[in-house]
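Hi there,

I am passing a structure on to you, and I hope you enjoy looking around in it. Please open it first, and then read my notes below.

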Amino acid sequence: MTSFSVSFLASCKSSESAFGKLFERNVIWSDEEGRISIVVQGERTEYGFAKILINNEETKAIATFCADYDRYRYIGINLEPEESVLSRPTSTLSFGLDFKDLKDNDSAVFETGRYLQESGDPYFAHKDEIVLKKRSLTWEELDARYCINNYWCTEDGELYLYSYDQTPFTGKMEGTYKGSKIDFQFTGERDFRITEGEKRLGEGEYVPNFEGMTLLFDTYGKEEFGDRLSLVWCWANAQIASLSSK
């Protein structure tokens with residue numbers, strides 16, 4: 001029993017290390033057939049916005065990359081579909097891609113979980129393994145709506161925002177402005193609105209970039225915010241600043 005436990009733990013730690021090395025910001029993971037795509041955008045490497053084609057219908061999901069067995073009791077990619085994310089805690093439906101092995105420095109082999117195999121889709125019913133390969137996102141593919149569990153802030157800290165795992169579906173974020181609670185809403189493909197209770201603070205266009213996004217107050221709010229505000233990833237930039245100061 002002791003020998004089995006030691007071997008099992010060693011196997012888990014080896015898989016954790018192998019899979020964890022692939023985690024990266026601002027990439028898109030996909031299979032060769034185009035049935036699965038996962039966009040990992042922003043300051044976090046372990047959360048992504050997924051689209052899976054099941055029975056010719058697109059399912060949107062939150063992807064959690066799990067390489068810490070002690071925390072997740074699982075190594076692979078957990079996928080929680082939109083209806084489950086928005087109906088917590090009454091629903092906790094999820095399905096997974098179980099990490100099996102590295103294929104190369106940019107791709108990995110996953111075992112297809114039971115949910116996909118039993119989904120009724122002939123493609124997944126007979127697909128024991130799937131290879132996902134990652135590549136860097138382009139400027140055109142960036143979209144701040146699909147950042148998950150990210151912290152945004154201005155350099156002076158006056159404006160602070162947080163995106164939840166519900167944000168890609170609802171467009172809603174929360175935050176503070178000069179110490180007061182505010183709500184942020186993505187209202188369109190490139191539009192946003194900031195409110196404080198019933199008070200409108202600002203509206204305009206957002207422009208994402210690889211280190212955050214810029215808010216353009218071309219509709220409303222110039223008197224309060226000026227023409228534009230630059231937001232950066234709070235954690236990522238704090239880490240960079242910490243390293244540069246050493």
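A residue counts as buried when its relative accessible area is under 20%. By that cut-off, 46% of the 246 residues of the chain are buried. Please keep in mind that this is a predicted model.

As for the overall fold, the chain has eight helices and 16 strands. Among contacts with a separation of 6 or more, 41% join residues 24 or more positions apart. The accessible surface of the chain is about 13100 Å², and carbon and sulfur atoms make up 46% of that area.

Next, have a look at the largest pocket, whose volume is about 200 Å³. It is lined by 15 residues, and those closest to its centre are Val39, Lys51, Glu141, Asp143 and Tyr146. Strand S2 (36–40) and strand S3 (47–54) are the elements that each give two or more residues to this lining. What classes of residue make up the lining of the largest pocket? There are seven charged, six nonpolar and two polar residues.

Is threonine 170 buried, partly exposed or exposed? Its relative accessible area is 32%, so threonine 170 is partly exposed. Apart from neighbours within four places in sequence, threonine 170 is in contact with Leu86 and Gln185. Leucine 86 lies 84 residues away from threonine 170 along the chain, yet their C-alpha atoms are separated by 8.8 Å.

Happy exploring!

Technical notes:
Residues are numbered from 1 along each chain as its sequence is written. This is a predicted model: local features need pLDDT of at least 70, side-chain atom pairs count only at pLDDT 80 or more; totals for chains, interfaces and linings use all residues. Side-chain values use heavy atoms; hydrogens and water are left out. Helices (H or I, at least four residues) and strands (E, at least two) are DSSP runs, numbered from the N terminus. Buried means under 20% relative accessible area, exposed over 50%, partly exposed in between (1.4 Å probe, protein chains only). Contact means heavy atoms within 4.5 Å. Accessible areas come from the Shrake-Rupley method with a 1.4 Å probe; for residues, only the protein chains shown count as cover. On a 1 Å grid over the protein atoms alone, a cavity is a set of points where a 1.4 Å probe fits but cannot get out, and a pocket is an open set with protein on both sides within 12 Å along at least five of seven lines; lining residues have an atom within 4 Å of a point. Grid points are joined across faces, edges and corners, and a volume is the space filled by probe spheres set on the points. Ala, Val, Leu, Ile, Met, Phe, Trp, Tyr, Cys and Pro count as nonpolar, Asp, Glu, Lys and Arg as charged, and the others, Gly among them, as polar.
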